[in-house]
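Let's walk through this model together, starting with the whole chain and then moving to one of its sheets. Keep the 3D view open as you read.

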Amino acid sequence: MIDPGHGEISYAELDRLSGLLRDYLHHTGVVAGDRIGFFLPKSIDSVVSIYGILKAGAAYVPVDPGAPAARNAFIFANCGVRAVIVQQRFAETLHAELKEQGAAPELIIVADSGEAPALRNVLEGLRTQMGLAVSATHHSNPDDLAYILYTSGSTGKPKGVMLTQRNALSFLDWCSETFQLTEQDRCSSHAPLHFDLSILDIHLPIKHGAAVVLIDEKTGKDAARLAPLIAGQRITTWYSAPSILALLAQYGGLGQHDYSALRQILFAGEVFPVKHLRTLQQLLPRPRYYNLYGPTETNVCTYHEIPKPIPEQRTQPYPIGRCCSHLECRVVDEHGMPVAQGAEGELVVRGPGVTQGYWSLPEQNAKAFLADTQGDLWYRTGDLVIEDNDGNYVYLGRRDRMVKKRGYRIELGEIESCLYQHSDVEEVGVIAIPDEDYGVRIKAFVGARGEKRLSVIALKAFCAERLPNYMVPDLFVFPPRLPRTSTDKIDYQALKAL
Amino acid sequence: MSDVKEQVKRFILEEFLPGAEPEELTETTPLIAGGILDSLATMKLVTFIETTFGIKIEAHEADEDKLGTLRDIERLIQSKR
């Protein structure tokens, strides 16, 4: 595994260090089913943490290191983590925020920088100090929790999607079959670790003894730095959201580098505008391109290989494709009954890759699944699709108020809840508008309390303190009154027309 | 405010802060930490600065240290002219 600019680690060392973490966690009484968090930038340390936690039989809970500490503390308190592996610079604020939320997990603090991996020093120190005994790796059952990924929640708080060993392994076995990795492959890890794309990024190459090239957040957003890195690292399998691929096609100067090693490009998380996909394919004609689709709750559930070349006149996005072989997919109407081929409906999914539900949210769990006439449960994706004549699903839109921006899942309601916390705000309506450059832009309509004057800059800063940066509205509008429906709810259709 | 700062300020207001009061964007307003510039906006700003002032901004300079406020941006531009 390579962390460009910071070092690399062999499989043997990854095994040894994650073993030390396992021993320490067992020493402190961690048992199967416990949750352990980590609050680290993507690094060799964070991958050591993942495997140490799994070896101890616990589930890992990654958070966005760029998100406000209060949000991350909420996540750790919500699922009751026993310990958090945290970088020094975040530790004090996290401790204070956790205390505020009445939680006091052990904090395992690692140095901010220095020799990578910094966690090695901590673990070796602990071993010497405590005389840690070597413990056995926990033999997991398929239904044991493997990790919890928190996504934006419509009620204003993130919700934790629980994924088991079976969920992860059934998905990874499907990936093995489809993408055929070998020890010779070098795979990108572009997505952050709290994002479901990371399951493929990290675990699939490791399953096959391939190399993982970690890409830090800053490089990952910067086309000018990323383009030479992909070539220089001889990456063979790339996986990311379409937005960075679109930036690479436009600003990456891809013609200047050698991408002969690159054999497949996978993308997921949002619609890839055909204009940019075509440019990319013209610049990089050799690799195969796959559109992967699926919410965190199922990981990838459908996929489609993009035919080459993309016709000049095509503007319509490519289908999300067919159901993955380890799952079953179905399109249903509003009563949950299957629709005829070609009719619009909601995509529902079942099978070993599908989550058991959300952490401690029984009401949301009940809403998330549909029981069919045989009593089998199907996960409701909330995505409206049709099945075309070739048997591919075509994405049409959302049933609710969730949007995707740069591959991130955003509940517009969570942004509204944040803005309602501002003392000068009386009413809020947030919508997403399509945008050629940005994919979507988030537009907030905000009504002031009384005679208060609202400021775009102050509201952006207010949101930036409380939400991850991709959720900060791009545009603010201050109409005197927000349009309302006859039942006195914010009229989103009318907002779209404003 | 200097001419360089004014030009950059006008660009930021027009592109990324439609509807904002110009006097609220001061030379110390945090642009990145304050949620005004995201990664794509930063890239657009860099392209604007490069073409307007005829300088080259290296990839490693396009970060919060160098582009965090209007004052930082002015300093970066001046250092290259």
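Two residues are in contact if their C-beta atoms, placed from the backbone, lie within 7 Å. With that in mind, here is a first look at this predicted model: among the contacts in chain A with a separation of 6 or more, 67% are accounted for by residues 24 or more positions apart.

What does the secondary structure of chain A come to? There are 15 helices and 26 strands. The radius of gyration of chain A is 23 Å, close to the 23 Å that the globule rule gives for 498 residues, so the chain is as compact as a globular protein of that length. Taken along the principal axes, the box filled by its C-alpha atoms is roughly 70 × 55 × 55 Å. As for burial, 48% of the 498 residues of chain A count as buried.

Now let's turn to a sheet. Strands β24, β25 and β26 of chain A form an open sheet of three strands, in the order β24-β25-β26 and with mixed pairing. Its edge strands are β24 (425-435) and β26 (475-477) of chain A, each of which pairs on one side only. On average, neighbouring strands of this sheet are turned by 25° against each other, direction ignored.

Look next at β25 of chain A, residues 439-448, which pairs with β26(A) in the parallel sense over three bridges. To find this pairing in your viewer, go to A:Ala444, whose bridge partner in β26(A) is A:Phe476.

How values were computed: Residues numbered from 1 in each chain as written. Chains lettered and ligands numbered in written order. Predicted model: local features only at pLDDT ≥ 70, side-chain atom pairs only at ≥ 80, totals over all residues. Helix = DSSP H or I, 4+ residues; strand = E, 2+ residues; numbered from the N terminus. Rg over C-alpha atoms; globule rule 2.2 N^0.38 Å. Buried ≥ 20, exposed ≤ 12 C-beta atoms within 10 Å, placed from the backbone. Pairing = 2+ DSSP bridges. Axes fitted to C-alpha atoms, helices over the stretch in contact; angles between N-to-C directions.
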